[in-house]
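Please open the model in your viewer and keep the sequence panel beside it, as we will select one part after another and look at what is there.

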Amino acid sequence: MTTKELGIRAAEETIRTLREALVAAGVSLPSLGLDSASCARDVPAPLIDLGRCDVETARRLAEAVRVGGPGGEPPAQ
């Protein structure tokens, strides 16, 4: 397997892991995926495209990040 293929596989695995974590936090980003243009180079630098979402999804994502997921505690201030 080439270095390019390994980089792309690692990015795809990261997308899968992120999708699972988001679902566990009650968030779905339907456009989450691998940015194909970033993989087209001779030496790929895969980027993960978080895509677009509506305001409610963005609110849920912000809340999940703020508290660390379901049942999490807000960060100390």
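Predicted model: local features only at pLDDT ≥ 70, side-chain atom pairs only at ≥ 80, totals over all residues.

Residues are numbered from 1 along each chain as its sequence is written, and side-chain values use heavy atoms, with hydrogens and water left out.

Now colour the chain by secondary structure, which shows 2 helices and 2 strands in the order α-β-β-α along the sequence; helices (H or I, at least four residues) and strands (E, at least two) are DSSP runs, numbered from the N terminus.

Next, select helix 2, residues 55-67. Helix 2 has 13 residues and reaches 18 Å from its first C-alpha to its last, close to the 18 Å expected at 1.5 Å a residue, the expected span being 1.5 Å times one less than the number of residues. Within helix 2, show the side chains of Thr57, Ala64 and Val67, which are buried. Looking down the axis of helix 2, you will find that its buried residues fall within an arc of 110°, so they line one face of the helix; the arc is that of the directions from the helix axis to the C-beta atoms. On the face turned away from this buried side, helix 2 carries the exposed residues Val55 and Val65. Just after helix 2, glycine 68 takes a positive phi of about 80°.

Which residues does threonine 57 touch, leaving aside its neighbours within four places in sequence? Select threonine 57, which has a relative accessible area of 8% and is therefore buried, and you will find Val27, Ser28 and Leu29 in contact with it, where contact means heavy atoms within 4.5 Å.

Finally, move to proline 46, in the loop between strand 1 (33-34) and strand 2 (48-49). Proline 46 has a relative accessible area of 26%, so it counts as partly exposed. Now select glycine 7 as well: its C-alpha atom is separated by 7.0 Å from that of proline 46, although the two are 39 residues apart along the chain. Again leaving aside neighbours within four places in sequence, proline 46 is in contact with Gly7, Ile8, Ala11, Leu34, Ser38 and Cys39.

Definitions and conventions. Buried < 20%, exposed > 50% of the residue type's maximum accessible area, 1.4 Å probe, protein only.
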